[in-house]
Amino acid sequence: MSDPVSALNHVSYVGIARVEETGLQGMITLRGDLSSASLGKAIKAATGQDVPDVRRVAVDGDSGACWMSPDELLLLVPYAEVEAKLAALNEALKGEHALAVNVSDARAVFKVSDGPAREVMAKLAPVDLSPGAFEPGEIRRTRLAQVAGAIWMEEDGAFRVICFRSTADYVFKLLSVAAQPGSEVGVF
């Protein structure tokens, strides 16, 4: 059996901001009634986090929960633990109207940090990323130029970007062009 590799094998670029693929990340899409006590308990057991509020993330390291829609969360877990976490979730949610699916190898994750990361992201996503409108812990499902993605802001001002693995190269190139030297806009 081959060793798993991330979509772009930790590629990085440094311009006005640093763009890097973060590598393998365990991800589970969970659909169900987010107000359910048993679902909340299962999420806490899998990630150590409570169900996040609307358009919020609760992430600590490589574990967490991201709000994706009124009945969907993206759970983040260590890549090596995803199958065990998925089995535990399915066991805990027996009898509950819920669906949990491992999407780890269908996604790519990037980090945009250092320098004007907010500005780099604002060039690509039709989201109001101005201070006060988009703050650490917030998440949006959006477009990155012409492809689907999700972005959230971390406490240190860095952004995490998730896209489909099939568009990882395109997204990396978009982020790199948006971060190229001399492309500063100075809006924020």
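A polar contact is a pair of N or O atoms within 3.5 Å; within protein, one must be able to donate a hydrogen and the other to accept it, and residues adjacent in sequence count only if both atoms are side-chain atoms. Going by that rule, five residue pairs are in polar contact across the interface of domain 1 and domain 2, both residues being at pLDDT 80 or more. The model you're looking at is predicted, so to speak of local features takes pLDDT of at least 70, side-chain atom pairs count only at pLDDT 80 or more, and totals for chains, interfaces and linings use all residues. Residues are numbered from 1 along each chain as its sequence is written, and side-chain values use heavy atoms, with hydrogens and water left out.

**The two domains**

- Domain 1 covers 12-22 + 106-179 and domain 2 covers 26-102, with bounds that come from an automatic or database domain assignment.
- Taken over C-alpha atoms, the centres of domain 1 and domain 2 are 23 Å apart.

**Where they meet**

- Eleven residues of domain 1 are in contact with twelve residues of domain 2, where contact means heavy atoms within 4.5 Å.
- About 980 Å² is buried between domain 1 and domain 2, and carbon and sulfur atoms give 65% of that; buried area is the accessible area (1.4 Å probe) that two parts lose on being put together, summed over both.
- On the domain 1 side, Ile 139, Arg 141 and Trp 152 lose the most area to domain 2, together 50% of what that side buries.
- The rule finds one salt bridge across this interface, a salt bridge being a side-chain nitrogen of Lys or Arg within 4 Å of a carboxyl oxygen of Asp or Glu.
- Glu 72 and Arg 141 form a salt bridge, and their closest N and O atoms are 3.1 Å apart.

**What domain 1 brings**

- Strands E8 (107-113), E9 (139-144) and E10 (147-153) each give two or more residues to the side of domain 1 that touches domain 2; helices (H or I, at least four residues) and strands (E, at least two) are DSSP runs, numbered from the N terminus.
- E9 gives the most to that side, with three residues.

- Most residues other than glycine have a negative phi.
- Arg 55, though not a glycine, has a positive phi of about 55°, and you'll find Arg 55 in the loop between helix H1 (37-47) and strand E4 (57-60).
- Ala 145 also has a positive phi, near 60°, and sits in the loop between E9 and E10.
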